[in-house]
Amino acid sequence: MSDTSKRGFASMDDDKQREIASKGGKAAHEKGTAHEFTSEEAREAGRKGGETTSQDREHMAEIGREGGKQSHRSDRNEDENNQEEEGKGT
């Protein structure tokens, strides 16, 4: 059996795949055969994606950690700005 691990679309780097997929999407829209979601279909797809994502506990924990880091970073920046303002008043 031959080695197929270096062949085909799946073996391309992400940027090359994205470029090819983008061309296909544009062509389908120009041709008029591309599927365009209704707001209801988009809402349903988003709901399903959210349910699937939220079932991955490790992923959700990582999102929470990143949110906490951002929140605390914002608090530190605010504290530093307040200290700078207090120093200018004299």
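**Close-up views of a predicted model**

**View 1. E66 and K69 pair in helix α3.** E66 and K69 form a salt bridge, with 3.4 Å between the closest N and O atoms. The model shown here is predicted. Both residues belong to helix α3 (residues 57-88). They sit 3 residues apart, about one turn of the helix. E66 is partly exposed, at 35% relative accessible area. K69 is also partly exposed, at 45%.

View 2. A salt bridge links the side chains of R47 and E51, at 2.5 Å from N to O. The two residues are separated by about one helical turn, because they lie 4 residues apart in helix α2. R47 is partly exposed, with 39% relative accessibility. E51 is partly exposed as well, with 40%.

**View 3. R43 bridges to E40.** The closest N and O atoms of the R43–E40 salt bridge are 2.5 Å apart. Helix α2 (residues 39-54) holds both residues, 3 apart, so about one helical turn separates them. R43 is exposed, with a relative accessible area of 51%. E40 is partly exposed, at 46%. Across the whole structure, a search finds 8 salt bridges.

**View 4. Q17 is buried in helix α1****.** Q17 lies within helix α1, which covers residues 14-31. Its relative accessibility is 19%, so Q17 counts as buried; the cut-off for buried is under 20%. Which residues does Q17 contact, leaving aside neighbours within four places in sequence? They are F9, A10 and M12.

Definitions and conventions:
Residues are numbered from 1 along each chain as its sequence is written. This is a predicted model: local features need pLDDT of at least 70, side-chain atom pairs count only at pLDDT 80 or more; totals for chains, interfaces and linings use all residues. Side-chain values use heavy atoms; hydrogens and water are left out. Buried means under 20% relative accessible area, exposed over 50%, partly exposed in between (1.4 Å probe, protein chains only). Contact means heavy atoms within 4.5 Å. A salt bridge is a side-chain nitrogen of Lys or Arg within 4 Å of a carboxyl oxygen of Asp or Glu.
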